[in-house]
Amino acid sequence: MLCVLCVLGGFACELHAAEWTVHPGESIAHAIARAAPGDTVRIERGRYEENLVIAKPLTLRGLDRPTLSGGLRGDVIRVIAPDVTIENLIVIDSGADLSAQNAGIFIQKGADRATVRRCDLVYNLFGLYIEGVKDAQAIGNLIVGKRDLRSVHRGNGIQVYNTRGARIENNHIGFVRDAIYVDISHHAVFRGNRLHHSRYGTHYMNSHDNLWENNQTYRNRGGLALMEVRNQTVRGNYAWGNTDHGIMLRTIQDSVIEDNVVENNARGFFIYDAEYNVLRSNRVIGNQVGVHLWAGSVRNLVERNDFIGNREQIRYVAARDETWGRDDGNYWSNYVGWDRDGNGIGDVPYEANDLVDRLSWRFPMMKLLLASPAVQTLRLVARQFPLLRAPSIVDPKPRMRPWRADAHPLPQAKSGEQS
């Protein structure tokens, strides 16, 4: 065991934070016990089987990616003190007790300002569990769950519960129950994460004043699910290839959802009980249903969005019309109106729930004929007869061209991301 003390200026010894180096075959727990608050414990490359408790502020730093195994028992690392940093470790083999919430790294109440960065958390029940703390950070980690367990028996990749000021950035998470699960956590930033092959890419509720930015959610059942929340900024996310929805907005108020791409999902957006939100400059492309909208989702500003090539642009369940695009209209790839004055805005409103849409819901095989002249003629005729009309999303200023002309190709899954 090596303890290094710093000497400054060559005159007097001044005690600073020390560094303790653990060699293969030695005990990390013993080094932690000897370290003083603020010290750094450096772990050389090797395999260590220990279950650690960190009860003082310090840095636990791996050198050349050492492996720390929990031996399939309990938590591999539990942090109970503030100002702890864990970095550059491979952390594996937690227990599998869901009632005990076994985790690769468990950050419990009192461990404010904990940071976990550049770690691989593999074959743990929960990858990283953060509970009851302020200003925790999870940056640049790889998290893969217990893939041999059924989804319902796995834990979540990162669980954030009852926190404030968390930063969850640039993590790559897959093959867990929910990639990121968030509850009662406010003033947080979720940015640049890649979330795939899980039940939900993000399962998120009862949390306010947070930022979701530049995340990718793909090949999950559901992509980004925001439920019972307010004051969210959801910007620049990319949700594709999810079997249920790309982005769910359920019981959400006073939020801005902008510049997102939802592509090739069963439903691009699923919007339920959403009021007083702004949905702007999103691209909804190639989904089975572009937007499924119901349960009193009214008084939202919806403008400058591009709805392109969805089998059903809008599935709308309501008793009366709802206007979108009142100031700046949206682009609808199936709009069949005209623009006589050439100002780029259609001369007749776009209506999403017309007779053709209703028939296609009742007779799914009809979708094969949606582009035919006969069906387009039926759509135009139905608009002339109000008795044939159903409540609809109405866009009074439909754009003749997309707001954004650039393509957004689907990224290819990298090795190791296949089902």
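A salt bridge here is a side-chain nitrogen of Lys or Arg within 4 Å of a carboxyl oxygen of Asp or Glu. By that rule, the side chains of Glu 49 and Arg 73 meet in one, at 3.7 Å from N to O, and the structure holds 22 salt bridges. Keep in mind that this is a predicted model, in which local features need pLDDT of at least 70, side-chain atom pairs count only at pLDDT 80 or more, and totals for chains, interfaces and linings use all residues. Residues are numbered from 1 along each chain as its sequence is written, and side-chain values use heavy atoms, with hydrogens and water left out.

**The chain as a whole**

- The protein chain has three helices and 43 strands; both are DSSP runs numbered from the N terminus, with helices being H or I over at least four residues and strands being E over at least two.
- Of the 419 residues, 51% count as buried. Buried means under 20% relative accessible area, exposed means over 50%, and partly exposed is in between (1.4 Å probe, protein chains only).
- Take the contacts between residues at least 6 apart in sequence: 43% of them join residues at least 24 apart. A contact means heavy atoms within 4.5 Å.

- The average pLDDT of the protein chain is 89, and 85% of the residues score at least 70. pLDDT is the predictor's confidence in each residue, from 0 to 100.
- Where pLDDT is low, the predicted coordinates should not be read in detail.

**Salt bridges**

- Back to Glu 49 and Arg 73, which meet in a salt bridge. The pair links distant parts of the chain, with Glu 49 in strand S6 (residues 47–49) and Arg 73 in the loop between strand S9 (67–69) and strand S10 (77–79), 24 residues apart.
- Glu 49 is partly exposed at 49% relative accessible area, and Arg 73 is partly exposed at 43%.
- Asp 178 forms a salt bridge with Arg 199, and their closest N and O atoms are 2.7 Å apart. This pair also links distant parts of the chain: Asp 178 sits in strand S22 (residues 178–183) and Arg 199 in the loop between strand S24 (194–196) and strand S25 (200–205), 21 residues apart.
- Asp 178 is buried, with 0% relative accessibility, whereas Arg 199 is partly exposed at 27%.
- Glu 275 and Arg 299 form another salt bridge, with 2.3 Å between the closest N and O atoms. Glu 275 lies in strand S33 (residues 267–275) and Arg 299 in the loop between strand S36 (289–294) and strand S37 (301–303), so the pair ties together parts 24 residues apart in sequence.
- Glu 275 counts as buried at 17% relative accessibility, while Arg 299 is partly exposed at 46%.
- Salt bridges that share partners also join Arg 167, Glu 169, Arg 191, Glu 213, Arg 235, Glu 258 and Arg 280 into one network.

**Strands and sheets**

- Strand S16 (residues 126–131) is mostly covered, with five of its six residues buried.
- Strand S13 (residues 103–107) runs parallel to S16, joined by four bridges; two strands pair if DSSP finds at least two bridges between them. Phe 126 in S16 is the bridge partner of Ala 103.
- S16 also pairs in the parallel sense with strand S19 (residues 158–161), over four bridges. There, Tyr 129 stands opposite Gln 159 in S19.
- Elsewhere, three strands form an open sheet in the order S40-S43-S42, with mixed pairing. Strands S40 (322–323) and S42 (350–351) stand at the edges with a single partner strand each, so one side of each is left without a neighbour in the sheet.
- S40 pairs with strand S43 (residues 393–395) in the parallel sense over two bridges, and Thr 323 stands opposite Val 394 in S43.

**Residues to look at**

- Arg 113 has a positive phi of about 65° although it is not a glycine. Arg 113 sits in the loop between S13 and strand S14 (115–117) and is partly exposed at 39% relative accessibility.
- Thr 251, also not a glycine, has a positive phi of about 55°. Thr 251 is in strand S30 (residues 245–253) and is partly exposed at 22% relative accessibility.
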